[in-house]
Amino acid sequence: MRPLIVGIGGAGGRIVTEFLINQDVGFSIFPLGEYLAVWDIKGVWLDSANQDAQNQTFFGRLEDGMCPGYIIAHDIISPDSGIRDYIMKTYGYDLKAQGYDRRAEYLKAIFEIFEKDNLAKHRAAMEFNGEENPLLSYVWRRGIRPYTTIYSAHKSEHIGEKNTILSDIFGRGLPPFSNISSIFGLSRGKVDKSIPKKNEKLCDSLLFIASLGGGTGTGFINPLSRYVRCEERSFPIFALGVLTERGLDARRALEGQRDLAAAIALNDLLAKRPGEGIDALVLMDNEILTKMYMGNYTNINKAIFQAMEPLINPMNYPDSYLQDDSVALRRSILEKVEFPPILVPCYFQKVHNEHGEAELVMGALENMLYPCDPKRADKALVFVKGLVDRRKIANSIQKCTCINAEEVLIYRKLSDSRKEEILILLRNPYGGSPGAHTIEGTFEWRTHQVISAAINYIDENSANILEFQGYTEFTKDAIRKYLYGEYGLRDNLTRCLENLEIGASPLFSHSLEIFFKKEREKVELTASSEMSLEALRAEIKNIVKNILDDEKINRK
Amino acid sequence: MRGEISLFFIAFLLLGLALVMHKIHFYKLYSNISCLIDFKFSRKELIKVYRRPQGSNFCSLAIVSWSLLFICIASLFFLTPEIFGFGFLNLVFIASNYLNLWIFSLLVLISTALIYHNISMMYSLYHIPNIYKVIIFYIVPPLLIISLFISLYLGTVYPSINYLYWSVSYIFMLIGEILLLLPIYTGAGDMLR
């Protein structure tokens with residue numbers, strides 16, 4: 001597996017830093033050579049707050065050709081942009097807001113506007129050379145796609161600006177070298193030579209890493225994966241979500257507010273069919289990590305990297321070079337499930353000793369990074385490093401989890417030290433046990449806490465949610481319907497709670513959209529009052545024909 | 001003189017020890033993995049799996065350092081005929097050329113190219129902690145350059161002999177060699193424990 005690691009938001013950026021630490025040495029004043037992350041993996045940091053980017057030195061601006069690079073999504077929007085003005089006046093959302101301080105619905109709404117508001121789409125298309133969703137298009141085409149196997153070297157990827165001669169010559173359309181010094185490697189020591197050349201290894205999947213606390217990370221994963229899906233239905237996309245700890249966090253945000261964001265994100269990510277969004281969500285609980293590492297976030301980030309390293313480690317056993325091919329892994333993860341599954345990681349490491357497989361498995365299952373009962377899992381993906389016997393590992397897993405033998409997939413990797421490591425990804429370790437939400441340490445118990453806190457927050461903070469500065473009446477009404485309306489988020493979360501209580505699965509079965517109802521009402525009204533069914537059918541046919549005949553769309 | 005000859009062999013013994021440890025480590029690893037899988041594979045395949053990128057800067061400096069090390073050893077022991085009874089300066093036609101030291105270095109580089117190339121390739125088979133990389137990048141080349149300059153100085157003042165300078169040069173060379181071999185000693189040593 002060779003994923004492109006995309007850290008989204010502040011926490012995502014800090015975690016991805018651990019993945020991208022330079023393995024090479026060099027002079028900081030006169031840098032030479034290519035940037036080398038562990039296992040030569042690639043990664044980017046996607047954020048929405050320029051101040052966060054300015055307060056760090058690890059990432060450089062991707063647009064300036066830096067590596068590792070960060071990309072600020074709304075950099076593509078100019079301060080006096082027409083579309084920004086339109087959305088501000090119509091909805092009260094600012095496309096250039098610096099961060100989304102624990103408001104998961106903020107980004108969700110912005111991206112829905114670009115998906116649903118035809119006028120906004122039209123205006124955006126006029127302003128950004130035919131791009132109807134400039135923010136996501138910019139992030140995907142400039143920041144992510146060039147590193148993946150789906151990148152086509154001959155397509156021009158620029159939006160909102162014309163290609164420069166330099167970028168045509170040097171960058172195959174990206175990134176635009178802003179000045180001569182960056183071409184010769186004199187720019188801040190981080191010239192982006194990691195943009196793959198013809199024979200270089202491209203990434204075969206995406207791994208989004210974000211905290212589910214309601215900032216940029218929470219807001220971006222779902223729309224971004226949906227946007228990617230418009231282009232690539234089967235490209236493996238995985239997400240690693242870190243649930244924030246209980247109580248007040250470092251930014252003094254209420255637990256309920258963050259849990260509401262997590263609930264929105266979980267609903268959006270898990271209620272889509274495979275091929276419509278992410279393929280799997282690896283879930284970690286910061287509550288566990290905070291206790292383990294005494295609240296030291298640097299160590300927590302290191303621990304997250306360490307836990308995920310067996311997944312990206314390419315040192316497969318000689319008999320199974322292709323075992324962890326991303327597409328195959330995606331297939332295995334999605335087998336026999338209707339919706340993208342939750343994967344709970346369990347990680348353990350120890351020094352090698354003879355017949356230590358059982359100890360390794362037991363250790364991992366005692367170190368779950370999200371509370372759950374392993375016996376409830378329906379599948380286990382086991383990434384194990386070291387000299388271990390496959391059968392012994394499988395037997396130990398079966399003994400501890402009751403998972404069928406054919407549902408235990410073992411990916412053995414070689415270790416470069418005497419250390420043995422194991423990462424067990426337990427698939428959907430919940431359901432089938434009514435009342436499990438009352439038992440401490442179960443998946444249902446922790447998730448019940450999160451959903452309950454989210455519902456409480458919705459109930460007790462309507463003014464805080466709806467009266468956010470700048471929202472127009474139209475937006476307030478849409479959010480009110482989205483949160484409190486019939487079949488709204490509150491209802492959805494209540495059903496989720498019921499599912500948790502009776503041991504049903506999946507937790508979420510349909511995703512919600514903030515501006516959905518308006519559109520549906522509009523269509524229904526048109527159909528009933530102005531046209532007969534036949535006329536409407538003819539009209540739709542006509543629209544579809546026009547779309548298919550459109551030269552621009554065909555070109556795309 | 002005998003003491004200096006044994007010092008020469010110590011330098012090569014250190015190198016040999018690293019090579020032996022490396023070979024035993026991979027032999028053991030190969031046999032361990034063979035027991036765990038029902039699949040026949042060659043050692044080359046194992047090495048292919050084990051290879052990892054170490055960084056272009058580090059690799060370049062490692063090759064430079066290794067070539068410097070061999071030039072240092074040759075300059076210390078074979079520039080003058082003092083230790084082994086024969087030396088580069090015996091070859092009057094070349095030694096009297098004003099590019100003699102360049103020719104000498106070039107000859108050493110060519111004759112040891114295979115060795116230092118293979119040794120530096122061995123680095124790609126170990127996880128080298130960043131601290132070792134920093135040491136090899138920043139400390140080893142200056143040590144070896146100092147050692148080389150002292151040796152060249154001793155070569156130019158020959159037949160005059162300065163044992164103190166020679167010893168200093170040798171110590172610098174030996175420290176450089178040990179630091180260069182450290183990733184292999186620790187990597188293979190850890191696995192062999």
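Select A:P506 to start: this residue sits in the loop between α19 (489-502) and α20 (516-530) of chain A. Helices here are DSSP runs of H or I with at least four residues, strands are E runs of at least two, and both are numbered from the N terminus. A:S505 and A:P506 are joined by a cis peptide bond, with omega about 0 degrees. This is a predicted model, in which local features need pLDDT of at least 70 and side-chain atom pairs count only at pLDDT 80 or more, while totals for chains, interfaces and linings use all residues. Residues are numbered from 1 along each chain as its sequence is written, chains are lettered from A and ligands numbered from 1 in the order in which they are written, and side-chain values use heavy atoms, with hydrogens and water left out.

Now hop to chain B and pick B:P159, in the loop between α7 (140-157) and α8 (163-192). The peptide bond leading from B:Y158 to B:P159 is cis as well, with omega near 15 degrees.

Back in chain A, select A:C402, in the loop between α15 (390-401) and β10 (408-413). A:C402 is not a glycine, yet its phi is positive, about 65 degrees. Is A:C402 buried or exposed? At 53% relative accessibility, A:C402 is exposed; with a 1.4 Å probe and protein chains only, buried means under 20% relative accessible area, exposed over 50%, and partly exposed in between.

Next, go inside and select A:Y93. A:Y93 and A:I424 have the most contacts inside the largest nonpolar core, a set of 112 residues. Such a core consists of buried Ala, Val, Leu, Ile, Met, Phe, Trp, Tyr and Cys residues joined through side-chain atoms within 4.5 Å. Helix α10 (residues 255-270) of chain A gives this core its largest share, 9 residues. Leaving aside neighbours within four places in sequence, A:Y93 is in contact (heavy atoms within 4.5 Å) with residues including A:I87, A:Y106, A:Y471 and A:F515.

Time for some charged pairs. Select A:E63 and A:R142, whose side chains meet in a salt bridge at 2.5 Å, N to O. A salt bridge is a side-chain nitrogen of Lys or Arg within 4 Å of a carboxyl oxygen of Asp or Glu. A:E63 lies in the loop between β3 (60-61) and β4 (69-72) of chain A and A:R142 in helix α6 (residues 134-144), so the pair ties together parts 79 residues apart in sequence. A:E63 is buried at 12% relative accessibility, and A:R142 is buried at 4%.

Then try A:K302 and A:E18, which form a salt bridge at 3.8 Å, N to O. A:K302 is in helix α12 (residues 297-312) and A:E18 in helix α1 (residues 9-19) of chain A, 284 residues apart.

Finally, show both chains together. How many residues does each chain bring to the contact? Chain A brings 27 residues and chain B brings 27 residues. About 2,500 Å² is buried between chain A and chain B, with carbon and sulfur atoms giving 62%; buried area is the accessible area (1.4 Å probe) that two parts lose on being put together, summed over both. Highlight A:V25, A:P318 and A:R418, which supply 25% of the area that chain A buries against chain B, more than any other three residues. For a last stop, select A:D416 and B:R52, whose side chains meet in a salt bridge at 2.0 Å, N to O. The count of salt bridges between chain A and chain B is 1.
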